[in-house]
Amino acid sequence: GEMTCTHDGDGTTEASPAVYALSCNITAGPQPAYSDVVSPDPLNLEADEQGDANPTGTITVTNTGDAATTLSGTCAYSGDSQISLANGTFALAQNASKIATLTCNASAEGSYSGSVSCTHNASNVASPVVHDVTCEVGPPGPAVYASTPVPGATINMTPPGDDAVVGDVVA
(Lines give C-alpha, C1' and ligand atoms only; values in the text may rest on other atoms or scores of the structure.)
Protein backbone atom coordinates (compact mmCIF):
# COMPACT_ATOMS: atom_id res chain seq x y z
CA GLY A 1 0.00 0.00 0.00
CA GLU A 2 0.86 3.62 0.09
CA MET A 3 0.10 6.71 2.11
CA THR A 4 -0.44 10.18 0.66
CA CYS A 5 0.29 13.25 2.80
CA THR A 6 -0.49 16.79 1.84
CA HIS A 7 1.02 19.79 3.56
CA ASP A 8 1.08 23.57 3.21
CA GLY A 9 4.75 23.67 2.28
CA ASP A 10 5.99 25.72 5.29
CA GLY A 11 9.50 24.67 6.23
CA THR A 12 9.73 21.68 3.94
CA THR A 13 11.40 21.05 0.65
CA GLU A 14 9.12 18.15 -0.32
CA ALA A 15 6.31 18.65 -2.78
CA SER A 16 2.74 18.30 -1.64
CA PRO A 17 1.17 15.82 -1.78
CA ALA A 18 3.95 13.44 -0.77
CA VAL A 19 3.42 9.68 -1.37
CA TYR A 20 5.04 7.12 0.92
CA ALA A 21 5.17 3.36 0.40
CA LEU A 22 3.86 1.29 3.32
CA SER A 23 4.73 -2.25 4.26
CA CYS A 24 3.80 -4.42 7.17
CA ASN A 25 5.67 -7.45 8.41
CA ILE A 26 3.76 -9.80 10.68
CA THR A 27 5.81 -12.46 12.34
CA ALA A 28 3.99 -15.60 13.41
CA GLY A 29 4.52 -16.88 16.92
CA PRO A 30 5.90 -20.32 17.68
CA GLN A 31 4.44 -22.99 15.42
CA PRO A 32 4.23 -26.78 15.63
CA ALA A 33 5.63 -28.70 12.67
CA TYR A 34 4.38 -32.07 11.37
CA SER A 35 6.76 -34.85 10.43
CA ASP A 36 6.09 -38.57 10.01
CA VAL A 37 7.93 -41.78 9.22
CA VAL A 38 6.17 -44.89 7.92
CA SER A 39 7.46 -48.43 8.35
CA PRO A 40 7.59 -50.33 6.15
CA ASP A 41 7.88 -47.66 3.50
CA PRO A 42 5.63 -47.94 1.55
CA LEU A 43 2.99 -49.44 3.88
CA ASN A 44 2.72 -52.82 2.11
CA LEU A 45 1.92 -55.43 4.75
CA GLU A 46 2.33 -59.13 3.91
CA ALA A 47 1.50 -62.53 5.40
CA ASP A 48 2.89 -65.45 3.39
CA GLU A 49 0.07 -67.77 4.43
CA GLN A 50 -3.45 -67.41 5.74
CA GLY A 51 -3.27 -67.92 9.51
CA ASP A 52 0.27 -66.52 9.86
CA ALA A 53 0.93 -63.82 12.46
CA ASN A 54 -0.90 -60.59 11.61
CA PRO A 55 1.53 -58.25 9.80
CA THR A 56 1.86 -54.72 11.17
CA GLY A 57 3.09 -51.32 10.04
CA THR A 58 3.61 -48.04 11.86
CA ILE A 59 3.28 -44.31 11.32
CA THR A 60 5.45 -42.31 13.74
CA VAL A 61 4.25 -38.70 14.01
CA THR A 62 6.67 -36.12 15.49
CA ASN A 63 6.36 -32.42 16.39
CA THR A 64 9.55 -30.92 14.93
CA GLY A 65 8.31 -27.36 15.53
CA ASP A 66 9.16 -24.61 17.97
CA ALA A 67 9.32 -24.90 21.74
CA ALA A 68 6.11 -24.31 23.67
CA THR A 69 3.93 -25.63 20.84
CA THR A 70 1.61 -28.61 20.62
CA LEU A 71 1.08 -30.59 17.45
CA SER A 72 -2.38 -32.10 17.65
CA GLY A 73 -4.43 -34.21 15.31
CA THR A 74 -5.73 -37.63 14.40
CA CYS A 75 -4.73 -40.37 11.99
CA ALA A 76 -7.78 -42.33 10.78
CA TYR A 77 -7.97 -45.42 8.54
CA SER A 78 -10.56 -46.02 5.84
CA GLY A 79 -10.70 -49.04 3.56
CA ASP A 80 -11.03 -52.82 3.73
CA SER A 81 -12.02 -54.09 7.18
CA GLN A 82 -9.13 -56.59 7.32
CA ILE A 83 -6.84 -53.61 8.10
CA SER A 84 -7.19 -51.60 11.32
CA LEU A 85 -5.43 -48.66 12.99
CA ALA A 86 -4.73 -48.19 16.70
CA ASN A 87 -3.35 -45.18 18.60
CA GLY A 88 -4.24 -42.57 15.96
CA THR A 89 -4.88 -39.50 18.14
CA PHE A 90 -1.95 -37.27 19.11
CA ALA A 91 -1.11 -34.11 21.08
CA LEU A 92 2.67 -33.70 21.00
CA ALA A 93 5.05 -31.23 22.61
CA GLN A 94 8.18 -30.15 20.72
CA ASN A 95 10.28 -33.20 19.66
CA ALA A 96 7.71 -35.65 21.07
CA SER A 97 6.48 -38.58 18.95
CA LYS A 98 3.56 -40.99 18.85
CA ILE A 99 3.36 -44.31 17.03
CA ALA A 100 0.12 -45.34 15.33
CA THR A 101 -0.01 -49.06 14.48
CA LEU A 102 -1.67 -50.65 11.45
CA THR A 103 -2.57 -54.34 11.65
CA CYS A 104 -3.74 -56.64 8.86
CA ASN A 105 -5.89 -59.56 9.96
CA ALA A 106 -4.27 -62.60 8.27
CA SER A 107 -7.21 -64.94 8.92
CA ALA A 108 -8.46 -64.74 5.33
CA GLU A 109 -6.54 -65.00 2.06
CA GLY A 110 -6.76 -61.93 -0.17
CA SER A 111 -5.61 -58.48 -1.21
CA TYR A 112 -6.72 -55.60 0.99
CA SER A 113 -6.19 -51.86 0.74
CA GLY A 114 -7.09 -48.51 2.23
CA SER A 115 -5.53 -45.26 3.35
CA VAL A 116 -4.57 -43.43 6.53
CA SER A 117 -5.41 -39.74 6.67
CA CYS A 118 -3.56 -37.71 9.33
CA THR A 119 -5.13 -34.32 10.02
CA HIS A 120 -3.08 -31.83 12.07
CA ASN A 121 -2.71 -28.20 13.14
CA ALA A 122 0.78 -27.54 11.71
CA SER A 123 1.35 -25.13 8.84
CA ASN A 124 4.59 -26.62 7.44
CA VAL A 125 2.78 -29.49 5.66
CA ALA A 126 -0.68 -29.50 4.11
CA SER A 127 -3.32 -31.27 6.19
CA PRO A 128 -4.29 -34.04 5.88
CA VAL A 129 -1.20 -36.15 5.15
CA VAL A 130 -2.39 -39.33 3.40
CA HIS A 131 -0.63 -42.71 3.24
CA ASP A 132 -1.86 -45.65 1.15
CA VAL A 133 -1.89 -49.07 2.83
CA THR A 134 -1.99 -52.52 1.24
CA CYS A 135 -2.05 -56.00 2.71
CA GLU A 136 -1.51 -59.30 0.91
CA VAL A 137 -2.44 -62.55 2.68
CA GLY A 138 -1.33 -65.72 0.90
CA PRO A 139 -3.29 -68.96 0.66
CA PRO A 140 -3.36 -71.44 3.54
CA GLY A 141 -0.20 -73.54 3.82
CA PRO A 142 -0.20 -77.24 3.00
CA ALA A 143 -1.99 -79.56 5.39
CA VAL A 144 0.37 -81.01 7.96
CA TYR A 145 -0.01 -84.73 8.67
CA ALA A 146 1.00 -86.03 12.06
CA SER A 147 0.41 -89.44 13.55
CA THR A 148 1.71 -91.86 16.14
CA PRO A 149 3.02 -94.26 15.12
CA VAL A 150 4.64 -92.62 12.13
CA PRO A 151 3.56 -93.82 8.68
CA GLY A 152 5.49 -96.92 7.60
CA ALA A 153 6.18 -98.20 11.13
CA THR A 154 5.40 -101.82 11.87
CA ILE A 155 3.14 -102.56 14.79
CA ASN A 156 3.97 -105.86 16.46
CA MET A 157 0.74 -107.46 17.63
CA THR A 158 2.25 -110.47 19.47
CA PRO A 159 -0.26 -112.16 21.78
CA PRO A 160 0.12 -111.65 25.54
CA GLY A 161 2.47 -113.97 27.32
CA ASP A 162 5.30 -113.79 24.82
CA ASP A 163 8.22 -111.38 25.24
CA ALA A 164 6.54 -108.52 23.38
CA VAL A 165 3.79 -106.30 24.74
CA VAL A 166 0.65 -105.91 22.67
CA GLY A 167 0.93 -102.78 20.63
CA ASP A 168 4.74 -102.41 20.73
CA VAL A 169 5.99 -100.32 17.83
CA VAL A 170 8.92 -101.73 15.91
CA ALA A 171 10.54 -99.12 13.74
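Guide: Accessible areas here come from the Shrake-Rupley method with a 1.4 Å probe, and for residues only the protein chains shown count as cover. The chain exposes about 10700 Å², of which carbon and sulfur atoms supply 52%. This is a predicted model, in which local features need pLDDT of at least 70 and side-chain atom pairs count only at pLDDT 80 or more, while totals for chains, interfaces and linings use all residues. Residues are numbered from 1 along each chain as its sequence is written, and side-chain values use heavy atoms, with hydrogens and water left out.

Visitor: How many helices and strands does the chain have?

Guide: Helices (H or I, at least four residues) and strands (E, at least two) are DSSP runs, numbered from the N terminus. The chain has zero helices and 13 strands.

Visitor: Is Gly57 buried or exposed, and which residues does Gly57 touch?

Guide: Buried means under 20% relative accessible area, exposed over 50%, and partly exposed in between, with a 1.4 Å probe and protein chains only. Gly57, which lies in strand E5 (residues 56-63), has 1% relative accessibility and therefore counts as buried. A contact means heavy atoms within 4.5 Å; leaving aside residues up to four places away in sequence, Gly57 touches Ser39, Pro40, Leu43, Leu45, Ala100, Thr101 and Leu102.

Visitor: What kind of peptide bond joins Ser39 and Pro40?

Guide: Most peptide bonds are trans, and most residues other than glycine have a negative phi. The bond between Ser39 and Pro40 is cis, with omega about -5 degrees, and Pro40 lies in the loop between strand E3 (34-39) and strand E4 (43-47). A cis peptide bond also joins Ser127 and Pro128, where omega is about 10 degrees.

Visitor: Where does Ala68 lie, and what is its phi?

Guide: Ala68 lies in the loop between E5 and strand E6 (71-79), and its phi is near 60 degrees, a positive value in a residue other than glycine. Because its relative accessibility is 82%, Ala68 counts as exposed.
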